[in-house]
Amino acid sequence: MSESAPVNNRSETKASKRITSFNEGTGRLAAVLLSPTLIVLALVVLYPIVSALRESLYTSGTKLDENGFVVKGSTFVGLDNYSAIFSGETADRFWNAFYNTTFFTVVCVVLETVLGVAMALIMHKAFKGRSVVRAAILVPWAIPTVVSALLWKWIFQADGIANTLIGSQILWSTDGWQAKLSIIIADTWKTAPFIGLLVLAGLQTIPAEVYEAAKVDGASVMQTFRRITLPLVKPALLVAVLFRILDTLRIFDLPFVLVGPHKPSVETLSMLGYDEAFNTRYGPAAAYATVLFLYVAATAYVFVKVLGADVIGEARARKPGGGSRRRRRGVVAAGPAASLAGGQ
């Protein structure tokens with residue numbers, strides 16, 4: 001017995017060496033194959049970010065130097081563009097835009113989530129004409145945002161169909177609460193189907209046996225929704241909500257076309273940065289863009305860490321021990337139906 005042990009050790013060592021060399025070769029091949037994509041991403045994503053950060057440290061235009069001579073071009077000002085955002089009248093305009101951006105994000109995403117889940121549940125049911133209903137629900141999401149904004153601008157005209165239906169003359173395009181309401185209605189109408197589409201994809205992955213087990217246990221419709229549908233569709237729902245949050249934080253074209261620029265009630269951070277760039281104040285515009293980028297990145301980080309949105313899909317399952325985690329997930333997925341009888 002003592003003589004066979006070294007042979008086994010040598011065979012295990014050779015096997016481990018072969019596995020190691022295979023992994024190293026696979027890693028090099030993956031790096032070579034991914035390098036074109038990484039180069040394109042660096043040019044399209046990384047370079048603009050670095051350029052914006054650099055531009056935010058400069059100010060451009062024509063000014064007078066200490067000797068009274070006209071100076072053109074860019075001048076390094078350090079963090080002055082950022083400090084100017086939070087001081088004086090600029091600060092009032094910035095915080096107003098920050099509030100509007102956050103307000104639109106919270107209200108629109110909540111409404112879109114509720115309506116999107118309802119749409120997904122309707123599209124998931126088997127009934128005659130389901131394909132027509134699915135196509136009709138997805139049409140608003142397929143329309144470009146600018147076209148959608150123009151459509152709603154005609155609806156919200158003084159002599160439009162909105163005022164005709166409510167029997168009142170409301171100036172929707174003027175500054176005020178009605179402008180906010182028009183943005184919320186138009187954005188919810190357009191993008192609620194997006195959440196519905198992703199939630200529908202999650203619903204179609206739930207086995208029918210789970211619902212059959214819940215029905216045998218005597219679960220009601222609300223119990224089935226709360227203990228089976230909602231937990232199992234949560235990964236898809238969280239990813240859909242995250243995408244909508246990130247998209248709404250950058251909202252620009254809908255309020256710009258529907259209501260117009262320089263309206264304090266609907267001005268967002270993107271519109272504020274655009275206005276600075278339009279007036280050739282590229283340094284402050286880059287500073288606004290950088291602040292918005294940090295706001296979006298921080299929101300995404302908190303959302304992923306707090307709510308656990310799985311934005312990398314099955315990448316976690318490929319880690320060591322991923323199979324055991326998948327088995328545990330299967331047990332948890334079957335758990336709600338098995339525990340319904342005890343929760344009644």
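**A pocket and a helix pair**

The second largest pocket holds about 430 Å³ of space. A pocket here is an open set of points on a 1 Å grid over the protein atoms alone, where a 1.4 Å probe fits, with protein on both sides within 12 Å along at least five of seven lines. The volume is the space filled by probe spheres set on the points. This is a predicted model: local features need pLDDT of at least 70, side-chain atom pairs count only at pLDDT 80 or more, and totals for chains, interfaces and linings use all residues. Residues are numbered from 1 along each chain as its sequence is written, and side-chain values use heavy atoms, without hydrogens or water.

The second largest pocket is lined by 13 residues, each with an atom within 4 Å of a point. Closest to the centre are Lys125, Tyr211, Val221, Thr224 and Thr229. Helices H3 (88–124), H8 (208–216) and H9 (221–249) each give two or more residues to this lining. H9 gives the largest share, four residues. By type, the lining has seven nonpolar, four polar and two charged residues.

Now the helix pair. H4 (residues 130–142) packs on H7 (residues 177–203) at about 125°, with the axes 6 Å apart. H4 is therefore oblique to H7, since angles under 35 degrees count as roughly parallel, over 145 as roughly antiparallel, 65 to 115 as roughly perpendicular and the rest as oblique. The crossing is left-handed. H4 brings Arg134, Ile137, Leu138, Pro140 and Trp141 to the contact (heavy atoms within 4.5 Å). H7 answers with Trp189, Lys190, Pro193, Phe194, Leu197 and Leu200. Nine of these contact residues are nonpolar, none polar and two charged.

Note on methods:
Nonpolar A, V, L, I, M, F, W, Y, C, P; charged D, E, K, R; others polar. Axes fitted to C-alpha atoms, helices over the stretch in contact; angles between N-to-C directions. Left-handed = near helix turned anticlockwise from the far one by under 90°.
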